[in-house]
Amino acid sequence: MRDPLAQFEHIVLVDTEYISRPGERPIRVCIVLRDYRTKETIRRWHDELGPSPPHSTGPDTLFVAYYAPAEMGFYRVCGWRPPERILDIYIEYRNRFNCLSTIVDQKLYEEDEEKIKKYSLVGALTQFDLPTIGAAEKRKMRKLIQRGGPWTPDEKKAILDYCESDVVALDRLLIAMLPQLDVSRALFRGRYTPSVAAMEHNGIPIDVELHGRVDDQWESIQQKLITRIDAPFGVYEGTAFRTDRFERYLAKRRIPWPHHPSGKPILTEQVFREMAKLHPEFNDLRELRSSLSEIRKDKLAIGSDGRNRCPLWAFSASSSRNQPSSTEYIFGPAKWKRGFIKPPPGYAVGYVDICNEEFGVAAALS
């Protein structure tokens, strides 16, 4: 049987560990590399890294990772050139199993009260019945890493061992998935990952002063929004949406509305969006509900340099689009919050079209 990876002189499997802080760029901890053919392993602590990665990055080398944008973010912080050929096993696993029932689903797999995430490395290994350190151990090691240094010599060794265990697991996973991989298309998808890392690295500039003012005055803003927008509906009592009032509003205007079998109206965001196509007045009410449902101290991930950064989770939606956090990313909450986006010096305000092409805007501003 022909080896689908025979075209590459070198195949390197890579995992990195870093400290992640909301809105900040990653803080390097360590990197582990494993040669796919010889199984030779290289382990490097952050203070042992040089101006270039400890492997070749040309077209004759295949770089393999599980969610490569994380590794590419590490490379950017190091100032390293990204590899030319990238195979992201996470993306290929999503490509194969998105929207499909998996063994992980069927088992409703739980360990130490922590559910195995379907598309995590542990979930992928479970799907192929491959050995894994388990979710509890991963949680323990991630907590140690995120605690930050200084680490004892034993802790450093444990972190490097943990990082190496993920590389070994990735090796097994690659072997299991290789028969079904379309390598040429996988490489095409892999080309996107350095771009994702670039957007995450640079972030979206935020007007921090305006954001802080709105946050401090959120309670009074809430009440003013309700007074202005709820006036024609009369469905709020204080800051609480009252279903009985909404039902009376619908009945008075003879507006049919989707209901649960129990008879109560379905009040999901999707239903409001669909109903607003027939009754545009519900758009304002939908936006009001969305705004008020957000926690007063919102969770926008804003770094010390005033830029919004969070994982974009490339290819993670069922449609294979990016799927960042709806609370941490500026394009996730109610649309009016996009007014916090602050164009960089030299950009005309009109240039920033925040109504369309959200990730195009993200790329332009980053």
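1. Terms. A polar contact is a pair of N or O atoms within 3.5 Å; within protein, one must be able to donate a hydrogen and the other to accept it, and residues adjacent in sequence count only if both atoms are side-chain atoms. The side chains of Glu92 and Arg189 are joined by such a polar contact, of 2.8 Å.

2. Basis. This is a predicted model, in which local features need pLDDT of at least 70 and side-chain atom pairs count only at pLDDT 80 or more, whereas totals for chains, interfaces and linings use all residues. Residues are numbered from 1 along each chain as its sequence is written, and side-chain values use heavy atoms, with hydrogens and water left out.

3. Overall content. The secondary structure of the protein amounts to 14 helices and 11 strands; these are DSSP runs numbered from the N terminus, helices being H or I of at least four residues and strands E of at least two. Of the 366 residues, 46% count as buried, where buried means under 20% relative accessible area, exposed over 50% and partly exposed in between (1.4 Å probe, protein chains only). Among contacts (heavy atoms within 4.5 Å) with a separation of 6 or more, 63% involve residues 24 or more positions apart.

4. Helix 2. Because 7 of its 9 residues are buried, helix 2 is largely enclosed by the rest of the structure. The buried residues are Ile89, Tyr90, Ile91, Glu92, Tyr93, Arg94 and Phe97. They pack against strand 4 (61-65), strand 5 (86-88), helix 4 (121-127), helix 6 (153-177), helix 7 (183-190) and helix 8. The N-terminal end of helix 2 is capped by Asp88, a side-chain oxygen of which lies 3.0 Å from the backbone nitrogen of Tyr90. Just after helix 2, Cys99 adopts a positive phi of about 70 degrees.

5. Glu92. This residue belongs to helix 2 (residues 89-97). Is Glu92 buried or exposed? Glu92 is buried, at a relative accessible area of 4%.

6. Helix 2 against helix 6. The two helices pack at an angle of about 40 degrees, with axes 11 Å apart; axes are lines fitted to C-alpha atoms, for helices over the stretch in contact, and angles run from 0 to 180 degrees between N-to-C directions. Helix 2 is therefore oblique to helix 6, given that angles under 35 degrees count as roughly parallel, over 145 as roughly antiparallel, 65 to 115 as roughly perpendicular and the rest as oblique. Ile89, Glu92 and Tyr93 in helix 2 meet Leu170, Leu173, Leu174 and Met177 in helix 6.

7. Leu173. Located in helix 6, Leu173 is buried, with a relative accessible area of 0%. Leaving aside neighbours within four places in sequence, its contacts are Tyr66, Ile89, Leu121, Ala124, Leu125, Phe128 and Leu130. The C-alpha atoms of Leu173 and Phe128 are separated by 7.7 Å, although the two residues are 45 apart along the chain.

8. Helix 1 against helix 8. Helix 1 (residues 68-78) packs on helix 8 (residues 193-202) at an angle of about 60 degrees, their axes lying 8 Å apart. Helix 1 is thus oblique to helix 8.
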